[in-house]
Amino acid sequence: MARLGALLALALTLASPAARAFDYLEHAYFADRACYEAQRRLAPLVTPARPDVVARYLALALACPERWDRPYCADDLKQAEAGLNRLEAPPAASGDHALTLGDFSALVDHLAWFGPVGGFPRARQPGLTAEVLGLLGAPTTSGGLIEDVAEEACDSGVAVPWDRVEHDVRSALAASDASGAPVAVPPALLAPNRRASPHAGPVDPAALLSFNNPHYLDLKLHGDDHFGVRAFGAWTGYHTAARVIAASRCQDVLAVDADLLEDLADGLPAFARVDFDDLAPAERARQGCLLLAERVRRRLLDWRRRAEPALTAPAAPFLDAFADGPATTEEALLLEHVVTALMAVVWEGGGLHFLQDGLSGGHLRTDPTSRAGLGEIRYAHDTDGQFGLSAVLTTAAGHAPFVAYGDGFLLGRPTGALDTCVWDRLGDAGQPDVTACLVQHQRGLLVALGAASLVDWALGGVLQAPRAAADGCSAPTDAPHAFVCRFLPLRAVAAAGYEPQGPPPTELAEGTLPTPPPPFAYQSLLTVLAADFGGDGVQAGARLVFLSELDDLANWMSSWHFGLLTTQGVRRSELLAEFSFMFHWRWAARFLVNAGPVLHAGWRGFGDDVSTFVGLGPSVGLTFLPEGWTKIPLEATFSLRLPVTLLDSRFGAADGVRIEGWWFEIGVGLAFM
């Protein structure tokens, strides 16, 4: 049964519209590689003169991979680890998944809620921020839905040439550094007959993910923010929120519940006796910030022992200062700023997802809100992603044309044999070599733009007003500032010919967080047909269903049912109304397991022998809701009902109690989300 369900989910999920630019592994890898690059670029500014940069660098230390000297995936496991959560043994030995910033980016396809953060109405709901802060305590793995989803990324069965990917990233970044601007692909190499489809890399196991996270398909169906200018707007929203959070006082943005704080207090004598439930909100936030600062201090000292010396060296004086606990007010304040910066990193990491989406070929021209059918939208998305399209990146350094490929093609093996791509020497090169160089260039852009976003966040917003008006990019004050000026996009990447008219902006707009998708809900009208296993009649009728979620991920749901049925059989003729309240567990994205009581009442034996009856009985079943991957909004429900009559006017209360039958029912109808 599980295999059949997985096959059905696979077949139907493949027909769904895309809601992401790249697959989980692509999002995670390029975000983590960007995080490593950002740390390298920020290192010169980690000085006492820039305590804001120090705090944000230390927050990145907890979220970025500690080392970059091993393949990202090996033996179907992610090898990258961060200071955020400590595994009992390395992934190769423990088989566990360590959460890193790359997961924050990839999880946008799987989680709608990233909060809670005080003062942000769109970030009020508990989600990834609470999960991340909780990892600072005893847990050694992320666990739950996050780990169920994340551990599938490396377990695709498709080998990634990690050495070649790293070579491409380094080569592309070096070329841009040498030129002082993003490299523009020569016009002759942008022609569609000069390139081919790259080799495919790993792709998400869509069917399995729909079982690991039933909410997965819900988010895909509300994926407008992942396309075109909306993706750019979503990134600016996350980026702005991250910058504001990092600049806030810890007690103003900390909004996690008392239970989480009490769990984090375990093993810390200074906090073990604090009853966070009894504290006023303001005092709870203050004590919570002190508690988290202590947890962060311990994690950072552990990070220092394990991470690459090149990463730890810039922070060594600050780590030395609070090795035995903060001795001064300034040191204590720095640790609290690291806490707020870590909360902000969750949002900045999530924003990288949308920044990456804006570099996907399949997301530049595809309009998921169009009247085209799902199949047409998917076709347009996949075609542009596979064969690439000419696109234009606009930064303060100017315009840089490139070729954008899409889903599943950025981690494949190279199509050509060239190791070094020199654009003016590719005039006579064949399609395989040109394609390999175009992929190399896009890999570099994904890392460079992600790193520029992280560096801009750490610097407090280089191109946000009024700073942009004051020092802008005419004369960058330092190397990290110059890097942001070269690579931070000032408007959405556009397909060639689709660029907006007029000069580009000189400032990065303050963004607004996207509105999370609405609660998952269905209303359906079913035609039902039921048969008694004992052969004592059939039932037919109609049922109206109102179904809604019980939790944020809609793993548990409930519904109200109103039905009108007739029964015909050798010994019975009935007209009855039904009312039920059902509970549902989502076995997969569109499969529900149902159970609940059914109340029924009606008339039987028409004519002189008419009588009324009332009863109650259990119902269990399975509902199939393919809305989103078919053009017809359907519901199909299979259930088993055991109605028990409790009162019959003909026999009275005592003699009227009886089992009416074992009814197997099929319901088919229209369902609308």
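**Before starting**

I reminded myself that this is a predicted model.

**Entry 1**

I looked up helix H18 first, which covers residues 329–357 and has 29 residues. I checked its span from the first C-alpha to the last and got 42 Å, close to the 42 Å expected at 1.5 Å a residue. Is H18 enclosed or open? I found 24 of its 29 residues buried, so the rest of the structure largely encloses H18.

Next I went to helix H20, residues 431–458. How far apart are its end C-alpha atoms? They are 40 Å apart, and this agrees with the 40 Å that 28 residues should span at 1.5 Å a residue. H20 is also largely enclosed by the rest of the structure, because 25 of its 28 residues are buried. Just after H20 I spotted Gly-460, with a positive phi of about 85 degrees.

Which residues does the cis peptide bond join? It joins Gly-115 and Pro-116, and omega there is about 5 degrees. I placed Pro-116 in the loop between helix H5 (101–106) and helix H6 (128–134).

I also wanted positive phi values in residues other than glycine. Asp-75 gave me one, with phi near 55 degrees. Asp-76 gave me another, near 65 degrees. Asp-75 sits in the loop between strand E1 (73–74) and strand E2 (77–78), and Asp-76 lies in the loop between E1 and E2 too. How open are they? Asp-75 has 70% relative accessibility, so I wrote it down as exposed, the cut-off being over 50%. Asp-76 is at 39%, so it counts as partly exposed.

**Entry 1: Ala-475 and Cys-485**

I picked this pair to compare a loop residue with a helix residue. Ala-475 is in the loop between helix H21 (467–470) and helix H22 (479–487), while Cys-485 lies in helix H22. Buried or exposed? Ala-475 counts as exposed, at 51% relative accessibility. Cys-485 is buried, with a relative accessible area of 6%; the cut-off for that is under 20%.

Along the chain Ala-475 and Cys-485 are ten residues apart, and their C-alpha atoms are separated by 9.8 Å.

**Entry 2: a negative patch**

Which residues form the negative surface patch? My list reads Asp-257, Asp-259, Asp-263, Asp-266, Asp-275, Asp-277 and Asp-278. I zoomed in on Asp-257, which is in the loop between helix H12 (250–253) and helix H13 (258–265). Its relative accessible area is 46%, so Asp-257 is partly exposed.

**Entry 3: a nonpolar patch**

Last, I looked for a nonpolar surface patch and found one of about 1,000 Å². Among its residues are Leu-525, Phe-546, Trp-560, Phe-579, Leu-599, Leu-616 and Val-657. Which elements give two or more residues to this patch? I noted strand E7 (538–549), strand E8 (556–568), strand E11 (611–624) and strand E13 (644–648). I checked Leu-599 on its own: it is in strand E10, residues 591–604. At 41% relative accessibility, Leu-599 counts as partly exposed.

Terms used. Residues numbered from 1 in each chain as written. Predicted model: local features only at pLDDT ≥ 70, side-chain atom pairs only at ≥ 80, totals over all residues. Heavy atoms only, no water. Patch = residues over 30% accessible without salt bridge, like charges linked within 9 Å, V, L, I, M, F, W, Y side chains within 5 Å. Areas by Shrake-Rupley, 256 points an atom, 1.4 Å probe, with all protein chains shown as cover. Salt bridge = Lys/Arg side-chain N within 4 Å of Asp/Glu carboxyl O. Lys, Arg positive; Asp, Glu negative; His and termini not counted. Charge placed at Lys NZ, Arg CZ, Asp CG, Glu CD. Helix = DSSP H or I, 4+ residues; strand = E, 2+ residues; numbered from the N terminus. Buried < 20%, exposed > 50% of the residue type's maximum accessible area, 1.4 Å probe, protein only. Expected span 1.5 Å × (residues − 1).
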